[in-house]
Amino acid sequence: MQTAAYFKDLFGLEGQTAVVIGGTGELCGCMAQGLARAGAEVVLVGRIREKAERNLAEIEEFGGKGYFMPADVTSRESLQELVHHVVERSGKVDILINGAGINSPTPFLDIQEEEFQRIMDTNVTAVFRACQVFGKYFIDEGIPASIINLGSMSALVPLSRVFTYSASKAAVHNLSKNLAREWAEYSIRVNTLVPGFFPAEQNRKVLDESRVLDILRQTPMSRFGSPDDLIGATLLLASNKAGAFITGTEMVVDGGFNAMKI
């Protein structure tokens with residue numbers, strides 16, 4: 001088998017549909033482009049169509065397939081409608097990425113319960129809802145699916161200034177491992193993709209000059225991540241061939257940050 005055919009056989013996603021919740025954002029939008037380049041039809045899910053248009057234009061430019069679907073991750077009914085409309089339009093769903101998330105730099109003693117609940121609902125409860133809604137669909141239809149939940153470095157090591165975000169992402173890591181165990185018998189793989197430090201909308205507010213220097217000193221590769229750095233890991237976890245025996249893992253993409261010790 002020639003090299004190109006071999007890699008297409010191993011990582012190709014032709015005929016599959018990937019629902020990317022948070023696909024209107026920077027990181028998940030880039031992951032969606034990678035999935036589309038591998039042959040999947042991608043559904044960018046968010047609230048604002050305009051935020052998806054740039055990614056969809058790039059996907060169209062290289063001949064990929066994708067479209068936008070609005071959804072509110074804090075509403076079970078909205079997620080159920082999402083599954084219905086995607087199946088109606090694309091025929092099925094094979095891959096789910098849960099990447100919606102919000103953050104806040106509020107000091108711990110100043111965090112109000114409303115803020116805490118809002119972050120937890122978007123970052124944890126929304127993943128719980130989506131996994132329930134899509135998981136039931138996968139099980140009922142007998143689909144060997146891949147679920148990729150976006151975790152965080154702050155769920156692995158204690159980081160300052162992101163207290164509620166850290167707690168929420170730690171819960172996502174734990175939820176993913178539990179689901180990997182529960183759903184292995186249905187050939188549903190559940191993994192956590194853990195980005196290191198990738199400047200994006202939700203964390204720029206906490207990246208002042210001193211924090212940037214601290215991060216780079218702690219990162220052996222001495223740079224921040226680029227959204228493209230997540231594509232390879234995404235394709236591995238999404239592929240039922242290349243990633244066939246990978247479930248319940250925390251795949252860290254961080255330039256060595258988590259391996260660095262004094």
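1. Helices α5 and α6. α5 passes α6 in a right-handed crossing; a crossing counts as right-handed if the near helix is turned clockwise from the far one by less than a right angle, and left-handed if anticlockwise. The axes of the two helices, α5 and α6, come within 8 Å and cross at roughly 15°. That angle makes α5 roughly parallel to α6, the term being used for angles under 35 degrees, with over 145 counted as roughly antiparallel, 65 to 115 as roughly perpendicular and the rest as oblique. Axes here are lines fitted to C-alpha atoms, for helices over the stretch in contact, and angles run from 0 to 180 degrees between N-to-C directions. Helices (H or I, at least four residues) and strands (E, at least two) are DSSP runs, numbered from the N terminus.

2. Basis of the values. The model is predicted, so local features need pLDDT of at least 70 and side-chain atom pairs count only at pLDDT 80 or more, while totals for chains, interfaces and linings use all residues. Residues are numbered from 1 along each chain as its sequence is written, and side-chain values use heavy atoms, with hydrogens and water left out.

3. Helix α2 and its partners. α2 (residues 26–37) packs with α3 (residues 49–61) at an angle of about 20°, and their axes are 10 Å apart. This makes α2 roughly parallel to α3, and the crossing of the pair is right-handed. The axes of α2 and α8 come within 9 Å and cross at roughly 55°, so α2 and α8 are oblique to each other. The crossing of α2 and α8 is also described as right-handed.

4. Salt bridges in general. Across the whole structure, a search finds 12 salt bridges. A salt bridge is defined as a side-chain nitrogen of Lys or Arg within 4 Å of a carboxyl oxygen of Asp or Glu. Side chains of opposite charge can pair when their charged atoms come close.

5. Asp121 and Arg129. These two side chains form a salt bridge, with the closest N and O atoms 2.8 Å apart. Arg129 is buried, at a relative accessible area of 13%, whereas Asp121 counts as partly exposed at 22%. The classes are buried for under 20% relative accessible area, exposed for over 50% and partly exposed in between (1.4 Å probe, protein chains only).

6. Arg217 and Asp214. Another salt bridge joins the side chains of Arg217 and Asp214, at 2.5 Å from N to O. Both residues lie in helix α7 (residues 209–218), three residues apart, which is about one turn of the helix. Arg217 counts as exposed at 56% relative accessibility, and Asp214 is partly exposed at 44%.

7. Phi of Ser222 is near 55°, a positive value in a residue other than glycine. Arg223 forms a salt bridge with Asp229, with 2.9 Å between the closest N and O atoms. Arg223 is partly exposed, with a relative accessible area of 42%, and Asp229 is partly exposed at 30%.

8. Arg161. This residue lies in the loop between β5 (146–150) and α6 (163–183). Phi of Arg161 is near 75°, again positive in a residue other than glycine. At 30% relative accessibility, Arg161 counts as partly exposed.

9. Nonpolar surface patch. Phe108, Leu109 and Phe163 form a nonpolar patch on the surface, with about 380 Å² of accessible area together. Patches are made of residues with over 30% relative accessible area and no salt bridge; like charges are joined within 9 Å and nonpolar side chains (Val, Leu, Ile, Met, Phe, Trp, Tyr) within 5 Å. Accessible areas come from the Shrake-Rupley method with a 1.4 Å probe, and for residues only the protein chains shown count as cover. Leu109 is exposed, with a relative accessible area of 79%, and lies in the loop between β4 (95–98) and α5 (113–141).

10. Two C-alpha separations. Gly15, in the loop between α1 (3–11) and β1 (17–21), is exposed at 56% relative accessibility. The C-alpha atoms of Gly15 and Ala40 are separated by 6.2 Å, with the two residues 25 apart along the chain. Leu193 lies in strand β6 (residues 189–195) and is buried, with a relative accessible area of 0%. The C-alpha atoms of Leu193 and Gly232, 39 residues apart along the chain, are separated by 11 Å.
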